[in-house]
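Subject: Handover of a structure for your review

Dear colleague,

Please find below the structure that I am passing on to you. My notes on what was found in it follow directly after.

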Amino acid sequence: MFQIDALPAFSDNYIWLIQDNQQHRCAVVDPGDAAPVLAWLEAHGDWQLSDILITHHHPDHIGGIARLKQATGARVCGPARENIPARDLALDEGARVEVLGRSFLIYAVPGHTLGHIAYHQAEEGWLFCGDTLFAAGCGRLFEGTPQQMHDSLQRLAALPGATQVYCTHEYTLSNLHFAHAVEPANPAIAARLAEVAAWRAAGRISLPSTIALELATNPFLRCLETSVKEKLDERDGPRQRRADEVFSALRSWKDNFKAG
């Protein structure tokens, strides 16, 4: 009944298009640009855009809101703690919102921005997490602290393993190069790196991921792994680190990482 497609935008953004094929209604997540959405709607003449779901306030996620709302009248849902243009429904931790007949639970996931939220639909197994959790990575800390981002990621990591992870950038290949540097002996990372490299060479997108795949290959979800801590000891000198300190060290390394 439902189909989810990625509408490419800018150089590496994805606007997620959730489609109810029975009702010919759809919703979009983080439309930084209205043009790809309007083009899709024009090509599918009898479809209605009912909802615009926003995870955070950065321009590449909100830039298309005003034009889409003017063109379609869609309801705009977004984080309560951020300035979201034309927002109709302000959402925060523990709220529920019905979209296309499905109930989404809202997680407050500060770190990338302070008011960032994620949308989880348990029955369908969807997670729309914006720039918090990436495939094999996580967002940069523009506003929040390492502790906040680590806690946010841990909450998402606790979701069922089959949960589909719909993040909003095509960063997977570069993230996997970093993951391989952190855990060069991890066979799951090596296999995923080869697979995604082949996909990207063929022009195929690397998303969605799953929580299970992230737990096996994403260094930012593996802060308690001995292999990760040993690599940091090798780089920065041995010492006892809490999980959030491991995360902080990984994030600092990634911020300056260049694949060899």
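A residue is called buried here when its relative accessible area is under 20%. Please keep in mind throughout that this is a predicted model.

Asp-30 counts as buried because its relative accessibility is 1%. This residue is found in the loop between strand E3 (25–29) and helix H1 (35–43). Asp-30 is not a glycine, yet it has a positive phi of about 55°. Leu-100, also not a glycine, has a positive phi near 55°. Leu-100 sits in the loop between strand E7 (96–99) and strand E8 (102–108), and it is buried, with a relative accessible area of 4%. Such places deserve a remark because most residues other than glycine have a negative phi, and most peptide bonds are trans.

The peptide bond between Leu-207 and Pro-208 is cis, with omega at about 0°. Pro-208 belongs to the loop between helix H6 (187–201) and strand E14 (209–210). Leu-207 is also one of the residues that Thr-172 touches; the others, leaving aside residues up to four places away in sequence, are Ala-135, Ala-136, Arg-192, Val-196 and Ser-206. Thr-172 is part of helix H5 (residues 172–182) and is buried at 1% relative accessibility.

Strand E2 (residues 13–20) is mostly covered, with 8 of its 8 residues buried. In a regular strand the side chains alternate between the two faces of the sheet. In E2, Asn-13, Ile-15, Leu-17 and Gln-19 point one way, while Tyr-14, Trp-16, Ile-18 and Asp-20 point the other way, and all are buried.

Strand E1 (residues 2–9) runs antiparallel to E2 and is joined to it by 8 bridges; Phe-2 stands opposite Asp-20. The two strands form a hairpin with 3 residues between them, and Phe-10 in that turn has a positive phi of about 55°. E2 also pairs with E3, again in the antiparallel sense, over 5 bridges, and Val-29 in E3 is the bridge partner of Trp-16. E2 and E3 form a hairpin with 4 residues between them, where His-24 in the turn has a positive phi of about 55°.

Nonpolar cores

The largest nonpolar core has 51 residues, of which Tyr-119, Phe-128 and Leu-250 touch the most other members. Helix H9 (residues 243–255) gives the most to this core, with 6 residues. A second, separate core of 21 residues includes Ala-9, Leu-17, Ile-62 and Ala-74.

Aromatic rings

The structure holds 13 aromatic pairs. One of them, Trp-16 with Tyr-166, is edge-to-face, at 4.8 Å centre to centre and 75° between the planes. Trp-16 lies in strand E2 and Tyr-166 in strand E13 (residues 164–167), so this pair ties together parts that are 150 residues apart in sequence. Phe-104 and Phe-128 form a tilted pair, at 6.4 Å centre to centre and 45° between the planes. Phe-104 is in strand E8 and Phe-128 in strand E10 (residues 126–130), 24 residues apart, and both are buried. Ring pairs link Phe-2, Tyr-14, Trp-16, Phe-104, Trp-126, Phe-128 and Tyr-166 into a cluster.

Finally, Arg-204 lies over the face of Trp-199, at 3.9 Å from the ring centre, and Arg-235 lies over the face of Trp-253, at 3.9 Å from the ring centre.

With kind regards

Definitions and conventions. Residues are numbered from 1 along each chain as its sequence is written. This is a predicted model: local features need pLDDT of at least 70, side-chain atom pairs count only at pLDDT 80 or more; totals for chains, interfaces and linings use all residues. Side-chain values use heavy atoms; hydrogens and water are left out. Buried means under 20% relative accessible area, exposed over 50%, partly exposed in between (1.4 Å probe, protein chains only). Contact means heavy atoms within 4.5 Å. Two strands pair if DSSP finds at least two bridges between them. A nonpolar core is a set of buried Ala, Val, Leu, Ile, Met, Phe, Trp, Tyr and Cys residues joined through side-chain atoms within 4.5 Å. Rings of Phe, Tyr and Trp (its six-membered ring) pair if their centres lie within 6.5 Å; planes under 30 degrees apart count as stacked, over 60 as edge-to-face and the rest as tilted. A charge sits over a ring if NZ of Lys or CZ of Arg is within 6 Å of the ring centre and within 35 degrees of the ring normal.
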